[in-house]
Amino acid sequence: MLIKRPAAIPPSEITSRDRYLNRREFIRASAALGAAAGLATAGIWVPRSAHAGTKLPDVRKSALSTAGEGLTPYKDVTTYNNYYEFGTGKDDPSETANKLRTRPWSVATEGEVSKPKVFDIEEIVKLAPLEERVYRMRCVEGWSMVIPWVGYSFSEIIRRVQPTSRAKYVQFTSLADPEQMHGIRMPILDWPYTEGLRMDEAMHPLTILCVGLYGDVLPNQDGAPVRVVIPWKYGFKNGKSIVKIRFVEEQPKTTWQLANAREYGFYSNVNPEVDHPRWSQAKERRIGEFGKRATLMFNGYGDQVASLYAGMDLRKYY
Amino acid sequence: MSLAQLKPDQVKWLKAVLFALCLVPFSRLAWLGAHQGLGANPIEYITRSTGWWTLSFLLITLSVTPLRRVSGWNWLLRLRRMLGLFAFFYVSLHFTTYIWLDQFFDWQGILKDIAKRPFITVGFTAFVLLIPLAATSTNAMVRRLGAKRWQRLHRAAYVIATLGVLHFWWLVKKDIREPLIFGTLLGLLFLIRLLYLRRRLTASTPSTVRSQAA
């Protein structure tokens, strides 16, 4: 075998994220500038998106960040993605998500709320102070990352729309536009992608509405312009490119439940003791590491979230 | 030069070229590995790639006989052993990747996987079944077994390819397009084989059927 165990790479050898970005940004920026100048004078150019790689202003650190974990490199977080709307290969999203238009964008809140409202994306970005939340992300496939998301607790939205007493669950709907997302043309999943949380899970301070990554505007392949992140659940629970948030009384069916209810439950909390019917969930491979490490109960957030599930049989409610 | 009849040294050249071609997927992996080109999850990449090429080589090997019959190019048969052995080469890499890079010799975990995970059970079975075929691939072994017995044994290639497709099918999360393509091609090859078998049976006289059965 020619595959060698990679030697530890000294930090000085790693291209800094800024420099890595600049490499392509510089070329893109110069080309775009020229093109934009031409189109702007012709009066037909409208900005399509807030570019990934643009710094988000006033991002502060958060006490809710996970400490003591090395961050997964920006390159891996943005080139190894599960985002079936852009194809089922891991590199498909980073290759094709540039077709997604993230401006204009709005998110409708509806259902069991006293103040339903359609939020413009600019409003969402400024709704609450932006925080950096470093979280572990465990994919149901058995790999994991540590990602510095930018956003704020989802409860900020809940507070503003004032759910009624009938609101027991929240349903997130992602964009499903075959023009911008070529994967939608394949009936791999039941589009649009929907996910859901119980109200107390949605209210939990760790659950965030996310608009950025590594201090910058969220790249399209990571769910731009706005997504949710629930760090103690498997990655597929984190709906991307959200267009609708609905508060409902009955537990909503989620896309992966509809695809295979035996394999993907509504809760989908990270749990090393409850295997996927086809593979073990006891271990995971942290992207960038060689060996496997033990998967932690609730992805290591048990102290904060285990009480949400007190008395529940987690084998039954997987 | 007629393609129907190649001279022995022409076949020799062809084999050399084909050998180099069959090594391309491996060389590509090695090159990517040496240049940080295997992506964020290199072990998954290697596992997927070697598995994909194993299935491809199994199907290519199984298509030699139908191709020979359709084209009349009998020399194709001279390439079959090498193609089959390349299937074994890639499955060995695939299996080694799993044992070494993926599980890192966690024998307890490996045994549990083989027993508990149906997709690993069938994949492992296919690998084990391929070993005797690789071991009996030499001329000496063909002679020792006798052509008839050897042929019967090597029909297991169909079983192995079927298990291989199943292994792929059961491991994908939702997008079954690729295993479906492999499965369809395999089904087609099997169908061609059945058609030829039927033709041979209906064409043969009762006496030859009896002598074949004896």
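1. Two strands pair if DSSP finds at least two bridges between them. In chain A, strand β2 (residues 106-111) and β3(A) pair in the antiparallel sense over four bridges, and Val107(A) stands opposite Phe119(A) in β3(A). Strands (E, at least two residues) and helices (H or I, at least four) are DSSP runs, numbered from the N terminus.

2. The model is predicted: local features need pLDDT of at least 70, side-chain atom pairs count only at pLDDT 80 or more, and totals for chains, interfaces and linings use all residues. Residues are numbered from 1 along each chain as its sequence is written, while chains are lettered from A and ligands numbered from 1 in the order in which they are written.

3. Chain A holds eight helices and 13 strands. Five strands form an open sheet of mixed pairing, in the order β3-β2-β11-β6-β7 (chain A). Its edge strands, β3 (117-120) and β7 (194-198) of chain A, each pair on one side only.

4. Of the 318 residues in chain A, 40% are buried (20 or more other C-beta atoms within 10 Å of the residue's own, with C-beta atoms placed from the backbone).

5. Two residues are in contact if their C-beta atoms, placed from the backbone, lie within 7 Å. By this criterion, 15 residues of chain B are in contact with 18 residues of chain A. On the chain B side, α2 (24-34), α3 (42-62) and α5 (77-102) each supply at least two residues.

6. Helix α1 (residues 8-22) of chain B has 15 residues. The number buried among the 15 residues of α1(B) is one, so this helix lies largely in the open.

Key. A residue is buried if 20 or more other C-beta atoms lie within 10 Å of its own, exposed if 12 or fewer, and partly exposed in between; C-beta atoms are placed from the backbone. The expected span of a helix is 1.5 Å times one less than its number of residues.
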